[in-house]
Amino acid sequence: MPSSADYRPTRRVEGKPRVFVTRRLLPETEARMAELFDVVLNSDDRPLGRAELVAAMQDAHVLVPTVTDRIDASMIAEAGPQLGLIANFGAGTEHIDLAAARARKIIVTNTPGVFTDDTADMTIALIISVTRRLNYGGRVLRAGKWEGWAPSTMLGHRLAGKTLAIVGMGRIGQAVAHRARAFGLNVAYHSRHRLPEALETMFGARYVADLDTLVAEADILTLHCPATPETSHLIDARRIALMKPESYLVNTARGQLVEEEALIAALSEGRIGGAGLDVFEHEPQVDARLLAHHNVAILPHMGSATFEGRIASGDKVVANVRFWADGHRPPDQVLEGLV
């Protein structure tokens, strides 16, 4: 088992560290980086190819990637000896091979906590949108097909009294549970670790130890798990078959959590009520059947897209790079493999 010593900086960078940023960040962040570091920016915001990322890792002291950049073991093996930090912009690090980075004594940091409220807000927005069919109503109106109010059309479901089932009760799951109380939702949850009783009481949340049981009783199932080999297709064809015919699936976490083909089949056959999706299994490609379905509220991975959150994330990246360059442990170091 690795020790915490494996994650300590091994050197102090003399002068300004050379920092390579893979995507456009907000102007405030880029200006601060230009002031503090020898920075290379991606002015046209074009996603970089594998060879370009490797070239950057062979030249820079610090790589600042995002979730759109896959940094695998073979790429890390080709990194130059000067690369000491991968300062990820964002909380998720599933796109980085952490074990390979550790083996090369390359520190990995992230920016946790800054998008919690933003993602929770977007989750509630999708819950309301799909249950009240806001997405469908907007389509009808824009297509010029609305024929006026009628008592039996555009019907959705009331939230009060429904069971909101939360899978993953970390920061974002808890923030969703906090918001859910205002809508009169009954909160149940499943997570690797049960919350303390005081937190369950505060959120009005009931723990369900068996995920299948939670899925079966959910009126709205919302996912807030990281993408790992263990959570890939966590909601697969078998679990989708356990859902109520009028229930809804909401995903603002990672597209890989859901077996998308099974979800499309269930929607097409009317075996679930609908879905609210901000992430997709093969993004940026989105299946046309999801785009066309009248009971799918759909967004282009914008759960964290607020000025405030992106600025805060940039501030964390800058802090992590500065701590590392000064020979100190960065505050948001990802201690993968440590217990």
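User: Which residues does R132 touch, not counting those up to four places away in sequence?

Analyst: In this predicted model, R132 touches G156 and H157, with residues up to four places away in sequence left out of the count.

User: How far apart are the C-alpha atoms of R132 and H157?

Analyst: They are separated by 5.8 Å, although R132 and H157 are 25 residues apart along the chain.

User: And where does R132 lie?

Analyst: R132 belongs to the loop between α5 and α6, the latter covering 134–142. The relative accessible area of R132 is 49%, and the residue is partly exposed. The cut-off for exposed is over 50%, so a value of 49% still counts as partly exposed.

User: Turning to the sheets, what is the strand order in the open sheet of seven strands?

Analyst: The order is β8-β7-β6-β9-β10-β11-β12, and the pairing is parallel. β8 (205–207) and β12 (296–298) are the edge strands; each has a single partner strand, so one side of each lacks a neighbour in the sheet. On average, neighbouring strands of this sheet are turned by 20° against each other, direction ignored.

User: How many bridges are there between β6 and β9?

Analyst: Four bridges pair β6 with β9 (residues 220–223) in the parallel sense. Within that pairing, L164 has I220 of β9 as its bridge partner.

User: Which strands does α11 touch?

Analyst: Helix α11 (residues 260–268) packs on the sheet and touches β10 (248–251), β11 (274–277) and β12. The direction of α11 makes about 140° with that of β11.

User: What about α7, which strands does it lie across?

Analyst: α7 lies across β6 and β7, and runs at about 170° to β6.

User: Which residues of α7 are buried?

Analyst: In α7, which spans residues 171–180, the buried residues are G173, A175, V176, A177, R179 and A180.

User: How many bridges join β1 to β3?

Analyst: Three bridges join β1 (residues 18–21) to β3 (residues 62–64), and the two strands run parallel. V21 stands opposite V64 in β3.

User: At what angle do α1 and α13 pack?

Analyst: Helix α1 (residues 27–36) and helix α13 (residues 307–325) pack at about 15°, with their axes 9 Å apart. That angle makes α1 roughly parallel to α13. The crossing of α1 past α13 is right-handed.

User: Which residues meet there?

Analyst: From α1, E28, T29, R32, M33 and L36 meet R310, I311, G314, V317, V318 and R322 of α13.

User: Lastly, where does UniProt place the NAD-binding domain feature?

Analyst: An unreviewed UniProt entry places the feature "domain: D-isomer specific 2-hydroxyacid dehydrogenase NAD-binding" at residues 124–303. That span is 34% helix and 16% strand, and its end C-alpha atoms lie 11 Å apart.

User: And the catalytic domain feature?

Analyst: UniProt, again in an unreviewed entry, places "domain: D-isomer specific 2-hydroxyacid dehydrogenase catalytic" at residues 19–334. Over those residues the chain is 38% helix and 14% strand, with the end C-alpha atoms 19 Å apart.

How values were computed. Residues numbered from 1 in each chain as written. Predicted model: local features only at pLDDT ≥ 70, side-chain atom pairs only at ≥ 80, totals over all residues. Heavy atoms only, no water. Buried < 20%, exposed > 50% of the residue type's maximum accessible area, 1.4 Å probe, protein only. Pairing = 2+ DSSP bridges. Axes fitted to C-alpha atoms, helices over the stretch in contact; angles between N-to-C directions. Contact = heavy atoms within 4.5 Å. UniProt positions renumbered as here; feature names shortened; annotations may be inferred. Parallel < 35°, antiparallel > 145°, perpendicular 65-115°, else oblique. Left-handed = near helix turned anticlockwise from the far one by under 90°.
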